[in-house]
Amino acid sequence: MFLAKVVGTVVATQKDPKLAGLKLLLVQNLTLDLELTKSFVVAADAVGAGTGEVVVCATGSSARLTEVTHNLPVDAVIMAIVDSLEVGGRITYNKMNDEKPVAAGPVS
Amino acid sequence: MNIATVIGSLWATQKHPSFNGMKFCVIQPLDQHRRPVGSPIIAVDPDNRCGRGETVFYVDGGDAATVKENHSMPSDATIVGIIDSMSTDNHT
């Protein structure tokens with residue numbers, strides 16, 4: 001599996017009929033230091049991921065083994081949303097620290 | 001199957017339900033002389049046995065999905081064993 005960041009959504013009206021209703025997201029590969037690389041993949045979403053989240057993607061025929069992608073023509077699926085990542089004893093990512101502060105709304 | 005060294009862990013509470021109770025490891029694939037090859041990948045450790053620094057072997061591709069009997073999971077890299085020792089012609 002590889003580490004990636006959800007950077008966008010993909011909308012397609014003309015597609016294989018089996019893909020109707022499937023959520024497709026654009027994910028960009030990450031290094032273990034959470035730096036974006038140049039490669040992108042369109043992946044089906046099996047866990048309810050959103051833009052900006054760090055996720056894990058499975059590729060190949062394994063991508064068809066979720067309920068939402070069963071027997072569909074897909075070769076990449078998001079199968080986990082990362083809470084934290086530790087490499088070499090160092091926490092390189094923690095979702096709690098990554099969340100942007102919510103802007104205060106107008107006082108009504 | 002390929003060999004790799006475990007270099008880290010990944011925690012995810014929101015994941016496909018087939019991974020419940022399993023751990024994800026960050027692994028660096030190795031060659032026969034235990035030199036790193038390629039980029040690190042995320043692999044699932046179905047029995048929660050691996051720790052950082054251990055040398056493991058894993059299956060990749062579609063076979064990684066059916067490592068556990070009667071249990072398919074959307075994984076393309078699954079750890080199947082921990083290596084105690086390994087020898088090639090001139091090295092141990």
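Visitor: In this predicted model, in which sense do E2(A) and strand E3 (residues 36-45) of chain A pair, and over how many bridges?

Guide: E2(A) pairs with strand E3, residues 36-45 of chain A. Within this pairing A:Leu25 stands opposite A:Ala43 in E3(A). The sense is antiparallel, and the count is 6 bridges.

Visitor: Which residue takes a positive phi in the hairpin of E2(A) and E3(A)?

Guide: The hairpin of E2(A) and E3(A) has 5 residues between the strands. A positive phi near 65° is found there at A:Leu34.

Visitor: In what order do the elements of chain A run from the N terminus?

Guide: The secondary structure of chain A comes to 1 helix and 7 strands. The C-alpha trace of this chain spans about 50 × 45 × 25 Å along its principal axes. From the N terminus on, the order is β-β-β-β-β-β-β-α.

Visitor: What percentage of the residues of chain A count as buried?

Guide: Burial is judged by C-beta neighbours, with 20 or more within 10 Å required. Chain A has 108 residues, and the buried share of them is 34%.

Visitor: How many helices and strands does chain B have, and why is chain B as compact as a globular protein of its length?

Guide: The globule rule gives 12 Å for 92 residues, and the radius of gyration of chain B is close to this at 13 Å, so chain B is as compact as a globular protein of that length. Its C-alpha atoms fill a box of roughly 45 × 25 × 20 Å along the principal axes. In chain B the elements run β-β-β-β-β-β, which comes to 0 helices and 6 strands.

Visitor: Which strand supplies the largest share of the side of chain B that touches chain A?

Guide: In the contact between the chains, 27 residues of chain B meet 27 residues of chain A. Strands E1 (2-11), E2 (14-15), E3 (23-30) and E4 (41-45) of chain B each supply at least two residues of the side that touches chain A. By class, this side of chain B has 16 nonpolar, 9 polar and 2 charged residues. The largest share, 5 residues, comes from E1(B).

Visitor: Which strand of chain A is joined to E1(B) by bridges?

Guide: A:Val87 stands opposite B:Gly8 in E1(B). The two strands run antiparallel and are joined by 4 bridges. The partner in chain A comprises residues 84-87 and is strand E6.

Visitor: How far apart in space are B:Ile7 and B:Gly51?

Guide: The two residues, B:Ile7 and B:Gly51, are 44 residues apart in sequence. Taken from C-alpha to C-alpha, their separation in space is 8.4 Å.

Note on methods: Residues numbered from 1 in each chain as written. Chains lettered and ligands numbered in written order. Predicted model: local features only at pLDDT ≥ 70, side-chain atom pairs only at ≥ 80, totals over all residues. Buried ≥ 20, exposed ≤ 12 C-beta atoms within 10 Å, placed from the backbone. Pairing = 2+ DSSP bridges. Contact = placed C-beta atoms within 7 Å. Nonpolar A, V, L, I, M, F, W, Y, C, P; charged D, E, K, R; others polar. Rg over C-alpha atoms; globule rule 2.2 N^0.38 Å.
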